[in-house]
Amino acid sequence: MSDKPTAVRVYLARVRTALADLPASEIEEILEDVRPHLAELEGELGEGARVEALIERLGTPESYAAELRASGGYPPAGEGATAVPAAAPSSPSLLKPRIALWGLVISAVGIALSAFVGAVSVDPDGLLGVLVVAPVFVISLVLLLRGGVERVLALPEMTRLRGTLNKLREQEDGGKFLGYLGSLKPAWWVLCALALLTFGVLLMLRRREAVLLLPFLLVAGVAAVWAGPRVGADRRLLWVAVPVSAFVIGGALGGFGAAVDLVSNRSSYQSASSYYPSSSDQYGTDQLTYGGQSIDNVYAFDAEGKPLTEVYLYDEEGRPITLTRYGCERSSGTKEKIGSDNRFPRPRIQQGVTDDQGNFDGYNGYRSACREDPNVPFSAAIPKVTAPPSPSAPSSTPSPTGTPTVSPTTTPTK
């Protein structure tokens with residue numbers, strides 16, 4: 001066994017020297033908190049790691065000691081040989097790094113849920129939840145950049161997490177599992193980039209305005225490929241890698257749920273007739289089909305060919321034939337769901353563009369527009385049904401001389 005001091009021991013010795021003006025008990029308490037983290041870094045760097053490698057990760061021991069002073073509420077070096085902490089290193093001093101840590105966790109959960117909803121419905125509106133957690137993420141990132149990542153990594157919850165992982169690594173099965181996950185890291189970041197691009201394309205094919213999301217998803221994919229492999233060297237990049245990974249995982253689970261729902265709907269209606277709903281739309285409402293084509297509207301006419309309004313449709317068992325009702329979203333000029341019912345006919349939803357004068361689908365149109373047309377788009381010629389003659393009806397037969405004769409049952413009119 002070699003007596004040569006390890007990189008961690010050399011690094012800690014220099015940190016101890018930089019903290020020499022503090023009470024000895026305080027120094028030991030500070031070093032005891034950071035020693036597991038340094039040991040973990042040395043394990044990642046491998047046997048024979050040099051002090052220079054730790055300095056590349058954490059900065060010089062002197063700058064690291066200065067961060068430890070700040071996180072513990074101690075005065076800078078040189079302001080008193082036996083200085084007493086300005087504030088007890090308790091919850092107030094840990095408040096900001098704790099907000100930074102849990103802000104990241106909350107943001108990741110919110111992003112994953114938003115991606116799940118967007119993937120299940122294949123609708124970009126489901127991603128609006130990202131805007132809700134965006135302020136939390138921004139606050140977390142600002143506190144991280146101002147306070148430094150080491151203050152976050154020195155939190156008690158992070159120390160316990162590292163201890164749990166170290167114990168898991170010491171177990172044979174646990175060590176193999178973690179090692180296997182570590183070997184998948186390079187492929188994971190490439191997979192994240194491909195998943196983000198695929199998700200954006202699917203949304204764009206479903207709704208054309210989703211093309212606005214595509215640049216953001218591309219940037220997120222590039223950021224994942226760049227930041228992912230560098231997380232081990234710079235823990236600040238976790239604030240890039242964790243949200244991207246959460247989005248991909250949530251989107252993958254949502255896509256799996258959408259696929260299961262699609263297969264379930266197809267199997268449920270595979271024996272239905274060509275007229276009764278055989279599948280669901282993007283909102284989960286049954287679709288009416290006829291001749292293999294989806295029907296969004298139904299028009300009814302009376303015997304004189306006049307269109308009927310306020311008609312309610314039911315099947316032979318008294319169940320309402322309910323379809324999704326759409327309307328115009330005025331601000332964006334797009335079609336949106338406004339409810340579902342069995343009342344027909346519905347206004348036709350026409351999507352197009354308008355020009356500066358408000359002309360719909362004009363030559364110089366450029367602004368997306370939508371309008372509802374309540375008129376019936378066609379006229380119906382209702383065939384007249386003629387009743388067949390009754391067998392007891394009077395009949396006339398020609399006489400041999402060509403003069404018609406009236407049957408005895410009919411009295412001739414005068």
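The legends below describe close-up views of a predicted model.

**Figure 1. Overview of the predicted chain and its secondary structure.** The chain contains twelve helices and 13 strands. Of its 414 residues, 32% are buried. When contacts between residues at least 6 apart in sequence are considered, 55% of them join residues at least 24 apart.

**Figure 2. The disulfide between cysteine 328 and cysteine 370.** The sulfur atoms of these two cysteines lie 2.0 Å apart, which is within the 2.5 Å limit used to define a disulfide. By this rule, the count comes to one disulfide. Cysteine 328 belongs to strand 7 (residues 323-329) and cysteine 370 to strand 11 (residues 367-373), so the bond ties together parts that are 42 residues apart in sequence. The link between cysteine 328 and cysteine 370 is left-handed, with an angle of -65° about the S-S bond. Cysteine 328 has a relative accessible area of 10% and is therefore buried. Cysteine 370 is likewise buried, with a relative accessible area of 10%.

**Figure 3. Cysteine 192, a buried residue.** The relative accessibility of cysteine 192 is 0%. Because residues under 20% relative accessible area are classed as buried, cysteine 192 counts as buried.

Figure 4. Helix 1 comprises twelve residues (residues 7-18), which should span 16 Å at 1.5 Å a residue. The C-alpha atoms at its ends are 17 Å apart, which agrees with that expectation. Which residues of helix 1 are buried? They are Ala7, Val8, Tyr11, Leu12 and Val15.

**Figure 5. Tyrosine 74 in the loop between helix 4 and helix 5.** Is tyrosine 74 buried or exposed? With a relative accessible area of 7%, tyrosine 74 is buried. Tyrosine 74 and leucine 22 are separated by 52 residues in sequence, and their C-alpha atoms are 8.6 Å apart in space.

**Figure 6. The largest pocket and its lining.** This pocket holds about 1,500 Å³ of space. Its lining consists of 38 residues, and those nearest the centre of the pocket are Leu165, Lys185, Val231, Arg235 and Leu238. Several helices each supply at least two residues of the lining, among them helix 2, helix 5 (91-121), helix 8 (156-170), helix 10 (185-206) and helix 12 (238-268). Helix 7 (149-153) and helix 9 (172-183) also each supply at least two residues of the lining.

**Figure 7. The largest cavity, lined in part by helix 4 and helix 7.** Two cavities of 30 Å³ or more are found in a search of the whole structure. The largest cavity has a volume of about 40 Å³. Its lining is formed by Tyr64, Glu67, Leu68, Ser71, Glu150, Arg151 and Ala154. Which helix gives the most to this lining? Helix 4 does, with four residues. Helix 7, like helix 4, supplies at least two residues of the lining of this cavity.

Conventions: Residues numbered from 1 in each chain as written. Predicted model: local features only at pLDDT ≥ 70, side-chain atom pairs only at ≥ 80, totals over all residues. Heavy atoms only, no water. Buried < 20%, exposed > 50% of the residue type's maximum accessible area, 1.4 Å probe, protein only. Expected span 1.5 Å × (residues − 1). 1 Å grid on protein atoms, 1.4 Å probe; cavity = no way out; pocket = protein on both sides within 12 Å on 5 of 7 lines; lining within 4 Å. Points joined across faces, edges and corners; volume = space filled by probe spheres on them. Contact = heavy atoms within 4.5 Å.
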